Amino acid sequence: MDHRWRTSRHGVGWVLLLGLLAPLLLFLGSAPASAGEVPADTECTRSETTACLQARLPTGVEVPGIAITVTTPSGEEVTQVTDEAGITVFAVTEEGQYSVLLDTESFPEGVELRPDAATEITPTLAPGGQSFVTFNVRADDYTGAISWWDSLAQSAASGLRLGLLLALAAVGLSLIYGTTGLSSFSHAEQVTLGGMVAFMMVNWWGIPFLLAAVLTVAFCAFTGYFQDRVMWQPLRRRGLGLIQMLIVTIGLSLAMQYAFQVLVGAGNVRVISASPQTASFGPVTLTYQSFWAMGISVVVLSVVGFALLRTRLGRATRAVSDNPALAAASGIDVDRVIRLVWIIATGLAGLSGIMLALVLNGVKWDSGMQILLLLFAAVTLGGLGTAFGALVGAIVIGLVVELTPIFGLPGDLKYATALLILILLLMVRPQGILGKAERVG
Amino acid sequence: MSQDTTAYSADAVEPDTPAPGDERPENRIDRRKTVVLTVLGIAIVAVMWYVATSTDGPMARVFSGVLREAISPQTAAVAIAVVGLNIHFGFTGLLNIGQAGFMLLGAYGFAIALNEGAGLPLAVLVGLGASVAFALLLGVPTLKLRGDYLAIVTISAAEIVRYTGRLSQLTEYTGGSQGLPGSRYRGEFTDLSFFGDGRTTIGPWSYQNTGVDGWWARAVSWAVVLLVVIVVALLVRSPWGRLLRGIREDEDAIRSLGKNVYAVKMQALIIGGGLGALGGMLYVLPSSVQADQMGRQLTFFIWTALLLGGAATIFGPVLGAIIFFSVRILIRGVTNAYVPDSILNTQQTEQFSWVVVGVILMLLVIFRPQGILGNKRELQFNA
């Protein structure tokens with residue numbers, strides 16, 4: 001019995017690993033094709049002597065042909081016009097304060113500067129660095145230029161994207177909660193870790209992105225193995241209370257956040273510095289990377305879902321979630337299941353971190369902390385400890401976050417709305433959308 | 001369980017047990033521990049004081065920095081919030097991970113009321129009222145559910161408060177993400193000072209008598225800490241306090257005694273949250289109200305201070321807050337003085353000190369979950 005169990009475990013391990021890696025390999029095959037499409041004027045490669053200065057119009061106002069003039073610290077002027085995506089990138093070589101001037105004369109019909117927006121922005125830049133300036137331009141008749149339905153579609157797509165990426169991390173968080181009862185506050189830092197490690201591999205050690213992504217996922221999964229090996233399993237054996245363990249995760253998250261700052265600095269870093277290319281489907285415009293990220297999430301989540309439902313180990317995991325003592329009594333090695341859950345959960349968080357770093361234009365020491373509560377909201381909304389609930393919850397949360405501004409609420413409140421919905425739902429249905437009523441109280 | 005038995009045997013007055021709670025071996029150990037810790041504490045402070053005032057090396061600067069941080073008004077303010085959290089978590093077992101939200105609400109209520117022209121007493125009441133309303137709002141839906149729900153709801157609600165405070169639409173009242181500068185609301189508080197002008201220096205502590213961040217702010221803050229500690233000590237020794245511990249240990253047992261567990265939990269949530277709000281008001285007096293300074297990070301610091309000092313103790317929270325802030329300054333100062341810039345520059349030592357704080361928190365909970373003053377027998381709770 002035990003022997004069969006073990007072989008099956010290896011089988012599932014490989015299936016999951018392949019599931020995690022296969023989409024990235026697919027990505028590898030198609031990468032050169034999309035690289036060839038980069039227009040010459042948006043290309044800027046940072047080096048020891050060159051810095052990139054990207055000037056752009058806000059999302060939603062992708063207007064080509066607007067003239068932007070950069071004055072270098074030594075007084076040299078360069079003028080370029082925005083491309084189809086409303087972006088232009090200057091390759092500069094001097095250190096000091098630049099001036100970026102927007103030529104309002106070059107505006108086409110129907111575009112204007114926001115009332116209190118500046119036409120001149122003065123970033124400071126040094127070779128090897130990069131800077132992004134956004135001019136606060138809007139369409140003349142803002143509501144008329146983009147119909148409400150179009151912006152609804154666009155926001156829904158962004159929401160789905162955010163939801164799918166959150167789901168990768170939330171499913172792991174939910175599996176950990178289900179099997180061990182621990183609400184891991186450091187899970188968000190595992191997400192940041194994915195982006196950070198990918199950044200270091202690509203930008204510091206020059207590893208090609210796709211190889212780096214695969215290695216990052218493997219490394220993140222290893223951190224899960226390592227943590228469970230040296231910390232969580234011994235603590236479980238010693239019978240440390242769940243609240244105490246929760247505080248241990250808070251300590252870990254604090255230490256990781258500041259370790260990121262010591263290593264990488266407090267600023268935003270980008271894994272890939274080239275400007276992303278966009279693609280449009282009807283009213284929806286997203287970067288290619290976003291479409292890839294969504295595709296990869298769907299594939300990986302399906303593999304995880306399949307593994308949970310159909311494989312022996314998946315059933316064992318659900319059994320442990322349901323009742324660890326009973327699971328142990330029926331011959332399931334609970335510690336092994338939990339070890340594997342930690343590996344999968346941190347691996348998924350790492351994958352989510354890499355893709356969030358690509359999609360959201362970079363990663364920062366507190367990127368994870370920003371989404372931590374969204375992850376908890378997703379897990380709770382779906383029903384604490386149910387992996388499929390976490391998936392549903394994450395997508396709901398992603399949509400709520402991105403759709404908030406569409407329904408007239410201030411954009412600054414978009415995370416708050418998600419949390420408010422969580423609190424309201426807990427009042428009516430404390431077990432969550434997919435939770436079982438008897439789990440509560 | 002063991003607690004119940006000892007209490008029972010003390011009441012029954014067994015022949016070899018003289019006065020209840022005096023000569024039992026564990027109490028002797030507790031008393032010896034208290035003496036040892038007090039002597040140790042005084043010795044550490046004396047050494048730091050001597051080095052800070054009588055020598056002239058890098059450590060003199062480090063130690064005077066530590067001593068200054070130990071009595072800063074913000075340390076006192078956080079100590080009060082920690083005492084509040086101690087009522088929640090230490091005595092009642094409520095998992096409040098949003099104590100900074102209570103602080104922020106108290107600070108906003110206080111500062112906005114002062115800006116709108118209310119007097120100092122009214123402003124304090126407004127701040128406290130805001131926290132009471134917040135506690136009711138959080139408690140009504142969650143106190144009947146399992147412990148982790150309160151945790152998720154408190155941390156989420158605290159974040160909602162922070163996001164709302166930062167809203168640019170509310171800049172007129174809350175100052176948006178820029179915050180409210182202390183100079184706008186501090187006046188009435190500094191006017192109350194009877195310390196006069198000038199500057200007083202005691203050892204490494206040299207501050208203006210009144211000033212923005214002087215002796216007056218320190219004296220008031222620490223006086224409030226003392227007052228709060230006395231009130232809480234009386235509260236938790238009252239029958240009501242025993243009820244709190246009972247709820248922490250076994251909610252169903254208390255319910256079976258005919259007590260209204262829900263109401264008692266709610267009272268604990270309100271009192272602890274009110275102390276949080278009081279801490280928040282003192283926290284912003286010498287500086288400014290800034291939503292981002294009272295976020296999750298601060299909640300985590302409050303938790304660390306509580307566990308460091310010892311949950312379910314009277315002086316633990318205050319000691320924990322002092323040690324938490326001082327030790328960080330110590331780590332930063334020592335790293336700054338002895339690790340060359342090529343390895344860690346000034347900014348990195350600041351960040352490094354936080355990494356150490358995180359690791360200390362982990363090690364502390366793993367190896368000494370009861371904290372410095374805590375009693376391991378009291379800390380068996382598990383939600």
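## A hairpin in chain B

B:T200 has B:Y207 in β3(B) as its bridge partner. The two residues belong to strands β2 (residues 199–202) and β3 (residues 205–208) of chain B, which run antiparallel and are joined by four bridges. Strands here are DSSP runs (E, at least two residues), as are helices (H or I, at least four), and both are numbered from the N terminus. Two strands pair if DSSP finds at least two bridges between them. In general, strands of a sheet pair through backbone hydrogen bonds, either parallel or antiparallel.

What do β2(B) and β3(B) form? They make a hairpin with two residues between them, and B:G203 in the turn has a positive phi of about 55°.

## About the model

This is a predicted model, in which local features need pLDDT of at least 70 and side-chain atom pairs count only at pLDDT 80 or more, while totals for chains, interfaces and linings use all residues. Residues are numbered from 1 along each chain as its sequence is written, and chains are lettered from A and ligands numbered from 1 in the order in which they are written.

## Chain B as a whole

Chain B has 16 helices and four strands. Its radius of gyration is 22 Å, close to the 21 Å that the globule rule gives for 383 residues, so chain B is as compact as a globular protein of that length. (The radius is taken over C-alpha atoms, and the rule is 2.2 Å times the number of residues to the power 0.38.) Along the principal axes, the C-alpha atoms of chain B fill a box of roughly 60 × 50 × 45 Å.

Of the 383 residues of chain B, 47% count as buried. A residue is buried if 20 or more other C-beta atoms lie within 10 Å of its own, exposed if 12 or fewer, and partly exposed in between, with C-beta atoms placed from the backbone.

B:G310 follows α14(B) and has a positive phi, near 120°.

In chain A, helix α6 (residues 242–264) has 23 residues and reaches 32 Å from its first C-alpha to its last, close to the expected 33 Å. Of those 23 residues, 19 are buried, so α6(A) is largely enclosed by the rest of the structure. Just after α6(A), A:G265 takes a positive phi of about 100°.

## The sheet in chain A

Chain A holds an open sheet of four strands in the order β3-β2-β6-β8, with antiparallel pairing. β3 (77–81) and β8 (120–121) of chain A stand at the edges, each with a single partner strand, so one side of each is left without a neighbour in the sheet. Strand β6 (residues 99–102) of chain A is joined to β8(A) by two bridges, and A:L101 has A:E120 as its bridge partner.

## Where the chains meet

The contact takes 39 residues from chain B and 36 residues from chain A; two residues are in contact if their C-beta atoms, placed from the backbone, lie within 7 Å. On the side of chain B that touches chain A, α6 (120–142), α7 (147–166), α14 (296–309) and α16 (346–367) of chain B each supply at least two residues.

Key
The expected span of a helix is 1.5 Å times one less than its number of residues.
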